[in-house]
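User: I'd like to go through this one together, starting with the overall fold and then the details. Could you put it up?

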Amino acid sequence: NSMERVKIFIGYDPVEAIAFHTLVQSIMNKATIPFEIIPLDIRNLPMYTRPVDPKQSNEFSFTRFLVPYLSEYKGVSIYFDCDMMLRVDIAEVLQEVNDKPVYLVKHDYTPKDKYKYLGTKQYNYPRKNWSSFVVWNCGHDSNKIVTDSFVNTASAAELHQFKFLKDNEIGELDVRWNWLVGEYDNPPDDVKNVHWTIGGPWFTKYKDVDFADEWLQLKGGMIN
């Protein structure tokens, strides 16, 4: 039903608050459908009790997997890392979704940098960044396993590599939906969702990255 509001969950970390709000603005600027924005902030997710993993580089590394649970296993929900900027109507990605439990970009790369923003160490593992932009069919039976207690206790690999699903249940999106700046060179003009995985233009050190001007313009439009 087109009148159902799509839930858009965004990972929130206080060190990147400005990125979060600018991403929200980018979604609002282009959207043609009703939607809800839901921040994933550990401070208001009492059901999330997982201890901090020394390898996690931000506060929303694992809370992202609460999306089906927080959506009451109903409807389509979309998850974004906060270090992104959407350049198209969010309704477009819904055209890509059919009957699989999740749809995502199946990155296959080795990170170029040993460290990312604020000196956090970069870890390489299979299916890295698959979980950073996900369209969830929350009502799909295969997603019923992803309960709050599962998110609190499953291994990092089980979650981030979507091992709770069969390989053929993981739907594939075009790389333009999760374009990894700094890992992928020569971005095409029609990138749909920019992802500054190593560091975004809100950090001084990364003020000249691809799409930085566009992000700064977007941010400027919010505060003038």
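**Contacts, sheet and helix**

User: Among contacts between residues at least 6 apart in sequence, what share join residues at least 24 apart?

Analyst: In this predicted model, 73% of the contacts in the protein chain between residues at least 6 apart in sequence join residues that are at least 24 apart.

User: And how many helices and strands are there?

Analyst: The protein chain has six helices and nine strands. Its radius of gyration is 16 Å, close to the 17 Å that the globule rule gives for 224 residues, so the chain is as compact as a globular protein of that length. Of those 224 residues, 52% count as buried.

User: In what sense do strand 1 and strand 2 pair?

Analyst: Strand 1 (residues 6-11) pairs with strand 2 in the parallel sense, over six bridges, and Lys7 stands opposite Glu36 in strand 2. Strand 1 also runs parallel to strand 3, to which four bridges join it, with Ile8 opposite Ile78 in strand 3.

User: Which residue is the bridge partner of Ile78 in strand 6?

Analyst: That partner is Val135, and strand 3 and strand 6 (residues 133-137) run antiparallel, joined by five bridges. Strand 3 is also mostly covered, since four of its five residues are buried.

User: Switching to helix 1, how many residues does it have, and how far does it reach?

Analyst: Helix 1 (residues 17-30) has 14 residues and reaches 21 Å from its first C-alpha to its last, which is close to the 20 Å expected at 1.5 Å a residue.

User: Which residues of helix 1 are buried, and what covers them?

Analyst: The buried residues in helix 1 are Ala19, Phe20, Thr22, Leu23, Val24, Ser26 and Ile27. Their cover includes strand 1, strand 2, strand 3 (76-80), strand 4 (84-86) and helix 6 (212-223).

How values were computed. Residues are numbered from 1 along each chain as its sequence is written. This is a predicted model: local features need pLDDT of at least 70, side-chain atom pairs count only at pLDDT 80 or more; totals for chains, interfaces and linings use all residues. Side-chain values use heavy atoms; hydrogens and water are left out. Two strands pair if DSSP finds at least two bridges between them. Helices (H or I, at least four residues) and strands (E, at least two) are DSSP runs, numbered from the N terminus. The expected span of a helix is 1.5 Å times one less than its number of residues. Buried means under 20% relative accessible area, exposed over 50%, partly exposed in between (1.4 Å probe, protein chains only). Contact means heavy atoms within 4.5 Å. The radius of gyration is taken over C-alpha atoms; the globule rule is 2.2 Å times the number of residues to the power 0.38.
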